[in-house]
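Welcome to this short tour of a protein chain. Take a moment to look over the sequence and the 3D view before reading on.

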Amino acid sequence: GFANAPATVNKVIFFLFTVATVIQVAIWLREIILAFVERRAQQSGSESDTLSSAMALIRIAVSFALFSVAAIVILSNLGVNVSGLIAGLGVGGIAIGLAAQGIFSDLFAAISIIFDQPFRRGDTISYDTTTGRVEKIGMKSTRLRALSGEQKIISNSKLLEKEITNGTMTDHRRTNFVLGLVYQTPASVLSTLPQTLREIVEAEDLDFIRAGMTAFSPSAFDFQLVFDVKGDDLDQLFEARHKVALAIIDRFARDGIAFAYPTQTTFTAAPDGTLVMPFAGQPASAPKAPRKR
């Protein structure tokens, strides 16, 4: 403008400036977006192989989107009618999206797993009816090693559709014991039993939650004991259950408390209605069995 350049030179300079500015802005935006994604991925501690695959795909997608917009802006500044180009890109994008809907669904699910980290490789998770350890998080599917030994392969999109229980993130595991006591157990013993169970649990350095009578079952007084085992280690849980069970058996044996088992008592009556079994010699005032008429 200061040099009062000819119109043709001025137009060429303006065109080159527009092209350089648009491309430079696209490059800056691409680097900013990719740097943010990489930093977020590093903070999440994703596994390197899956992250590398994801970053390659993300880099291609971001570069294609930004430079497509840059090309449209440049052509628009040249006076080209870009309406048809935009419509064509939109229709083409819709067609590609519909054709590869399943692939893109699993791809975005994998990216969500990588960055959101609902679970990581090595975690033990429960999905639907499957419980297993995560062996690999891929771009299309996730591989689980079931507790029974076989490998389960689940697509990422299906994996995120249902509730996932991450057992590795468990801070404690709750355990329930149901104890059946014979009906001959005195009420005084029943009233002190919750405190006795608390002492047994706390002696094993476990967290006592509650204990008390829950039902009159056909053969026993039912007592429920609830306590927590700290941590997520299943071996530690089984060891704690074993120790508490043995401690209960030992304490009940010393206190004379008897466990119940399914029993049935049969009363036999003589022709005159007197009970003769199992109480032979029952007094005459004993209840008589009903007679048929």
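How many residues are in the hairpin that joins E7 to E8? The hairpin links E7 to E8 through four residues. This is a predicted model, in which local features need pLDDT of at least 70 and side-chain atom pairs count only at pLDDT 80 or more, while totals for chains, interfaces and linings use all residues. Residues are numbered from 1 along each chain as its sequence is written, and side-chain values use heavy atoms, with hydrogens and water left out.

**The chain as a whole**

- The secondary structure comes to seven helices and 10 strands. Helices (H or I, at least four residues) and strands (E, at least two) are DSSP runs, numbered from the N terminus.
- Of the 293 residues in the chain, 31% are buried. Buried means under 20% relative accessible area, exposed means over 50%, and partly exposed lies in between (1.4 Å probe, protein chains only).
- Among contacts with a separation of 6 or more, 56% are between residues 24 or more positions apart. Contact here means heavy atoms within 4.5 Å.

**The sheet of three strands**

- E6, E8 and E7 make an open sheet in the order E6-E8-E7, with antiparallel pairing. Two strands pair if DSSP finds at least two bridges between them.
- E6 and E7 stand at the edges with a single partner strand each, so one side of each has no neighbour in the sheet.
- Neighbouring strands of this sheet are turned by 20 degrees against each other on average, direction ignored. For such angles, axes are lines fitted to C-alpha atoms (for helices over the stretch in contact), and the angles run from 0 to 180 degrees between N-to-C directions.
- Strand E6 (residues 172–181) is joined to E8 by 10 bridges. Phenylalanine 177 has leucine 225 in E8 as its bridge partner, and arginine 174 stands opposite aspartate 228 in E8.
- On the E7 side, eight bridges join strand E7 (residues 207–216) to E8. Phenylalanine 216 has phenylalanine 221 in E8 as its bridge partner.
- Strand E8 (residues 221–230) is mostly covered, with eight of its 10 residues buried.

**Two helices across that sheet**

- H6 lies across E6, E7 and E8, and runs at about 150 degrees to E7. H7 lies across E6 and E8, and runs at about 25 degrees to E6.
- The axes of helix H6 (residues 187–203) and helix H7 (residues 234–255) come within 10 Å and cross at roughly 135 degrees.
- H6 and H7 are therefore oblique to each other. Angles under 35 degrees count as roughly parallel, over 145 as roughly antiparallel, 65 to 115 as roughly perpendicular, and the rest as oblique.
- The crossing of H6 and H7 is right-handed. A crossing is right-handed if the near helix is turned clockwise from the far one by less than a right angle, and left-handed if anticlockwise.
- Where they meet, H6 brings Leu193, Thr196, Leu197, Glu199 and Ile200, and H7 brings Val244, Ala247, Ile248, Arg251 and Phe252. By class, this contact has seven nonpolar, one polar and two charged residues. Ala, Val, Leu, Ile, Met, Phe, Trp, Tyr, Cys and Pro count as nonpolar, Asp, Glu, Lys and Arg as charged, and the others, Gly among them, as polar.

**The sheet of five strands**

- Five strands form an open sheet in the order E4-E3-E2-E1-E5, with antiparallel pairing. Its edge strands are E4 (151–155) and E5 (164–166), each of which pairs on one side only.
- From one strand to the next, the twist averages 40 degrees.
- Strand E1 (residues 124–127) is joined to strand E2 (residues 130–137) by four bridges. Threonine 124 stands opposite arginine 133 in E2.

- Phenylalanine 119 sits in the loop between helix H4 (101–116) and E1. Phenylalanine 119 counts as buried because its relative accessibility is 1%.
- The C-alpha atoms of phenylalanine 119 and isoleucine 164 are separated by 9.0 Å, although the two are 45 residues apart along the chain.
- Most residues other than glycine have a negative phi. Aspartate 128, in the loop between E1 and E2, has a positive phi of about 55 degrees.
- Aspartate 205, in the loop between H6 and E7, has a positive phi near 60 degrees. Aspartate 205 counts as exposed because its relative accessibility is 65%.
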